[in-house]
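Subject: Structure for you to look at

Dear colleague,

I am passing on the structure we spoke about. Please open it alongside this message.

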Amino acid sequence: MTAHDPGPASVPRLALRDITVKFGGLTALDSVSVEVPAGSVVGIMGPNGAGKTTLFNVVCGVYKPTSGTMSVDGTEVRPRAHRLTQHGIARTLQGLGLFSGQPVLENVVAGLQSSTRHTFVEELFSLPRAAREEREKKERAMATLASLGIEKYAAAFPDTLPYAIRKKVSIARALVSEPSLLLLDEPAGGLGHDEIEELGELIRSIPGKGCSVVLVEHHVDLVMSVCDSIAVLDFGKLIATGTPAEVSANPAVTEAYLGVDAA
C-alpha cells in the first residue's frame with residue numbers, strides 16, 4: 001500500500017501548536033502542543049473530561065480552534081471534516097459507523113468516495129470512465145481487506161459478523177484511502193482481552209504501511225503497549241509527554257488518574 005510522501009524525516013507528520021479551544025466561558029483545551037513523527041504511533045490519554053475528544057475533533061476539522069495552528073508534513077492546514085482525505089488524514093469513529101444494508105466490500109469502498117473523479121451522468125449511464133473507476137475502487141478495497149486478513153468477509157453484511165471483525169472493517173474503510181495519518185477514536189471499546197491484543201498488533205503494523213497513527217483510547221494497557229510516545233491531558237492542559245515508561249512514571253499522571261498526590 002502506497003501512502004502519501006512522508007517528507008523529510010525531521011518534519012513531524014502532524015504538529016499541533018498551542019491549540020486552545022473555548023466554548024463560551026469554558027476552556028476545553030489550553031495551549032496544547034503535540035507532535036506526531038512520521039512512522040509513529042502516538043497516544044492521547046487522560047481522565048474523562050480531560051479534553052481528548054476535543055483535541056481529536058480539532059484534528060478532524062469538527063472544531064475550529066480558538067487559537068493555535070495545525071500542520072501536516074510541515075504545511076499549515078485548516079481541515080474540514082468532509083475533506084480530511086485531501087490532507088492525507090483518515091479517521092475511525094467511536095462507534096463502528098458501518099452501513100448495515102451494504103456488504104463489507106461496499107462499506108470499505110465508501111472510504112474512497114471523496115476521490116471520485118467521474119460525473120453523475122457518467123455513473124448514471126455506466127460510461128467507461130465511471131465503470132473503470134468503480135472497478136479500481138473495489139480492487140483497492142479488496143486489497144485493503146486482504147492486508148487486514150478479512151477479505152473472506154467481503155460479501156458479508158456487517159451485522160452478521162463478530163464485533164471484532166466489524167472493528168477491522170471500520171479500520172479498513174479508513175485505510176483504503178491510503179492516508180499518511182490515521183486517527184483512531186476508542187478502537188478497543190467493546191472488545192475482549194484477546195481481541196484487544198490482536199488490535200494492538202494491527203495498530204503496530206500500520207506505520208509499516210507509511211501511515212502514522214494517533215490513538216485516543218481509555219484502555220491504558222493498549223496505549224502503553226502500542227505507542228511510541230504518549231501525550232496526557234487533564235482539565236484541558238497537557239500535563240505529560242514522553243515514552244510509555246516516562247509517562248507511567250510521571251507523578252502528575254498518577255495524580256490525574258488516581259486523584260491522589262503521587263509525589
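The notes below cover the cavities and then some of the strand pairing.

Please keep in mind that this is a predicted model.

Cavities

Searching the whole structure turned up two cavities of 30 Å³ or more. The largest cavity holds about 70 Å³ of space. Its lining is made up of Leu14, Leu16, Val34, Val36, Val42, Ile44, Leu55, Phe56, Val59, Val214 and Val216. By class, the lining has eleven nonpolar residues, no polar ones and no charged ones.

Which elements supply at least two residues each to that lining? They are β1 (14-23), β2 (26-36), β3 (41-45), α1 (52-59) and β8 (212-216). The helix α1 gives the most, with three residues.

Strand pairing

β1, one of the elements that line the largest cavity, also pairs with β4 (residues 67-72). The two strands run antiparallel and are joined by five bridges.

β4 and β5 form a hairpin with two residues between them. In the turn, Asp73 has a positive phi of about 55 degrees.

Best wishes

How values were computed
Residues are numbered from 1 along each chain as its sequence is written. This is a predicted model: local features need pLDDT of at least 70, side-chain atom pairs count only at pLDDT 80 or more; totals for chains, interfaces and linings use all residues. Side-chain values use heavy atoms; hydrogens and water are left out. On a 1 Å grid over the protein atoms alone, a cavity is a set of points where a 1.4 Å probe fits but cannot get out, and a pocket is an open set with protein on both sides within 12 Å along at least five of seven lines; lining residues have an atom within 4 Å of a point. Grid points are joined across faces, edges and corners, and a volume is the space filled by probe spheres set on the points. Helices (H or I, at least four residues) and strands (E, at least two) are DSSP runs, numbered from the N terminus. Ala, Val, Leu, Ile, Met, Phe, Trp, Tyr, Cys and Pro count as nonpolar, Asp, Glu, Lys and Arg as charged, and the others, Gly among them, as polar. Two strands pair if DSSP finds at least two bridges between them.
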